[in-house]
Amino acid sequence: MSFSGSTAGSGTTRTSLEFGRTHVVRPKGKHEATIVWLHGLGDKGSSWSQLLESFPLPNVKWICPTAPTRPVAAFGGFPCTAWFDVGDISEDAPDDLEGLDISAAHIANLLSTEPADVKLCVGGFSMGAATALYSATCHAFSQYGNGSPYRVNLSAVVGLSGWLPCSRTLRRRMQGVNDAVRRAASLPILLCHGTGDDVVAYQHGEKSARILSSSGFQNLTLRTYEGLGHYTIPEETDEICRWLSANLCLGGT
């Protein structure tokens, strides 16, 4: 599918949304980090939990939730699992701020019960990556888009084949907010994107990285994979494992 050519706004009744099953991959070694990993549009948490279990990161606990089933504008209002409503990925398209806040709050709630000495992270693929990056901005501002306090202290964010929601307002919101700039600068972010992606075009990932960097997220790495489509490959997952091990100072890998 392609996200282009649609308009957002499917009129979902938010109170009726229920998140699906959450799958947990427990650490095989000492528990040093917990990562909430978010699937893409129309997928479910179990699809990623099987792959993540094979990662050589014995000190990581993976939490793989499943998004609510809701009407999605990109599918003409047809319901599927989605972290928020989306039609067109562009600066002119409306952002589903309410849907983003609801999903970011669900992620924060999953992380809120983790031990105090464990590092907390968010990552995802496609729409899951977009939600993870939105959580990164909530971390920087210490609040959700609706102004409610965001109380999770993130240690790292990973986004594969995704994009940055609310990109057109980020730079303006960051200006003059010193605490937000400081938190943004100290948050490691890894973005990976393939040049052959025909679902979320590479230009969206590249532009998202540029906007994040210019807004103050200076500890950002963009990895480009020549010819890679809207999927992941061992070369990419190996890079994720190396990056997480280095940035989270994980032992036993």
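Hi everyone. Residues are numbered from 1 along each chain as its sequence is written, and side-chain values use heavy atoms, leaving out hydrogens and water. Since the model is predicted, local features need pLDDT of at least 70 and side-chain atom pairs count only at pLDDT 80 or more, while totals for chains, interfaces and linings use all residues.

Let's start with the sheet. When I say helix or strand, I mean DSSP runs numbered from the N terminus: helices are H or I with at least four residues, strands are E with at least two. Two strands pair if DSSP finds at least two bridges between them. As a reminder, strands of a sheet pair through backbone hydrogen bonds, either parallel or antiparallel.

In what order do the seven strands of the open sheet come? The order is β1-β3-β2-β6-β7-β8-β9, and the pairing is mixed. At the edges sit β1 (23-25) and β9 (220-225), each pairing on one side only. On average, neighbouring strands here are turned by 15° against each other, direction ignored. For such angles, axes are lines fitted to C-alpha atoms, for helices over the stretch in contact, and angles run from 0 to 180 degrees between N-to-C directions.

Now zoom in on β2 (residues 33-38) and β6 (residues 119-125), which pair in the parallel sense over six bridges. You can find I35 and look for its bridge partner in β6, which is C121.

Helix α2 (residues 97-111) lies across β2, β3 (60-64), β6 and β7 (154-160), and runs at about 155° to β2. Helix α6 packs on the sheet as well, touching β8 (189-194) and β9, and its direction makes about 165° with that of β9. Contact here means heavy atoms within 4.5 Å.

There is also a hairpin to look at. Strands β4 (residues 69-72) and β5 (residues 78-81) run antiparallel and are joined by four bridges; R70 has C80 as its bridge partner in β5. Five residues sit between the two strands, and in this hairpin G76 takes a positive phi near 70°.

Buried means under 20% relative accessible area, exposed means over 50%, and partly exposed is in between, using a 1.4 Å probe and protein chains only. Which residues of α4 (residues 167-174) are buried? They are S167, L170 and M174. Down the axis of α4 these buried residues fall within an arc of 30°, so they line one face of the helix. That arc is taken from the directions from the helix axis to the C-beta atoms. They pack against α3 (127-141), α5 (178-185) and α6 (202-215). After α4 comes G176, with a positive phi near 80°.

In α1, the buried residues are G45, S46, W48, S49 and L52. They cover an arc of only 165° around the axis, which puts them on the same side of α1. Their cover includes β1, β2, β3, β6 and β7.

Now for the aromatic rings. Rings of Phe, Tyr and Trp (its six-membered ring) pair if their centres lie within 6.5 Å; planes under 30 degrees apart count as stacked, over 60 as edge-to-face and the rest as tilted. The whole structure has seven aromatic pairs. W37 and W48 make a tilted one, 5.5 Å centre to centre with 50° between the planes. W37 is in strand β2 and W48 in helix α1 (residues 45-52), 11 residues apart. The rings of F55 and W62 have centres 5.8 Å apart and planes at 85°, so this pair is edge-to-face. Together, W37, W48, F55, W62 and F125 form one aromatic cluster.

Last stop: two loop residues. K44 is in the loop between β2 and α1. Is K44 buried or partly exposed? K44 is partly exposed, at a relative accessible area of 47%. T66 is in the loop between β3 and β4, and T66 is buried at 8%. Not counting residues up to four places away in sequence, K44 touches H39 and T66, while the contacts of T66 include F19, D43, K44 and W83.
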